[in-house]
Amino acid sequence: MKRSPRVCVVGSINMDMVTTTDKVPEQGETVLGESFTTYPGGKGANQAIAAARLGADVVMVGAVGEDAFGKSLKERFRNEGADNEAIIAVPHESTGVASIIVSDGDNRIIVAPGANKYVTPDLIQEKQDIILSSDIILMQFEIPMETIEFTVNLAYEHQIPVVINPAPFADISETVAEKAAFLTPNNLELSEMKQSIDTSLIKGKIIETRGEHGVVFTLSDGEEKKVPSFKAEVKDTTGAGDTFNGAFVTEYAKEKNIEKAILFANAAASLAVEKRGAQEGMPVRAAVVQRMQEADR
């Protein structure tokens, strides 16, 4: 029996605080809202939970505050079967939060990074034995860019593949892009990426996600491949991209086949959008396999 793929996620950990209201207040105005809920979030945490549910042996490298949110979020990783020993608790700093106002189907979001600022090159050095024992590393852009660059260089030296999900988008150096195994932008992020680097230098590395229109990637010889999406009864697209990334690295580390990994990730994402909430909708492996089998009939 093959062992589970070892996935290391280096990234953000947040608590999402969601207030639903009929009316968004004007400057200086107070209104009564309808409901308030907290959800575990942060792109790094979301992707780690997705990978864990899909059968990966996951370790999360990140930072929380020494507060109630931090304790709750660390415990969630343990409950999901993900290793939380490389998550540090930063004294006198809040856990990262996203304050989200939902009104009439629209979102307004303020993100306070808090402890996520402390996911630094020093932390990567401190946890490098854990990181370098992984089969694959996954990162996003909700932590300092210098940490992403440092981690990519470290992994490249030790021949460990790195997948970068460039979201939310920020300028990336050509050196980092060239040393990464894959980049997984959506179509808008890819447009922005093309303005900052020459993407022709990284053929065969870009996996472009297009939501219901599936995924497009280009082989190193320039051939473009399209992998279709799966039909879904969409309720909430929050976390679909994070599910895709967690699923892709899990399956790619397991099978070393890009197209199969993308197809698996598309199936996982199609299940994620059928439930509300980012982590709440993330599927287990058996459900993904079943969806793929049903699509083949």
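**Close-up views of the predicted model**

**View 1. Salt bridge between E208 and R210.** E208 counts as buried, at 10% relative accessibility (buried is under 20% relative accessible area, exposed over 50% and partly exposed in between, with a 1.4 Å probe and protein chains only). R210 is partly exposed at 32%, and its closest N and O atoms with E208 are 3.2 Å apart. A salt bridge denotes a side-chain nitrogen of Lys or Arg within 4 Å of a carboxyl oxygen of Asp or Glu; the structure holds 13. This is a predicted model, in which local features need pLDDT of at least 70 and side-chain atom pairs count only at pLDDT 80 or more, whereas totals for chains, interfaces and linings use all residues. Residues are numbered from 1 along each chain as its sequence is written, and side-chain values use heavy atoms, without hydrogens and water.

**View 2. Salt bridge between E93 and K117.** The closest N and O atoms of this pair are 3.6 Å apart. E93 lies in the loop between β5 and β6 (96–103) and K117 in the loop between β7 (106–112) and α3 (121–126), so the pair ties together parts 24 residues apart in sequence. Strands (E, at least two residues) and helices (H or I, at least four) are DSSP runs numbered from the N terminus. E93 is buried at 19%, while K117 is partly exposed at 45%.

**View 3. The open sheet of six strands.** The order is β5-β4-β1-β8-β9-β10, with parallel pairing (two strands pair if DSSP finds at least two bridges between them). β5 (87–90) and β10 (182–183) stand at the edges, each with a single partner strand.
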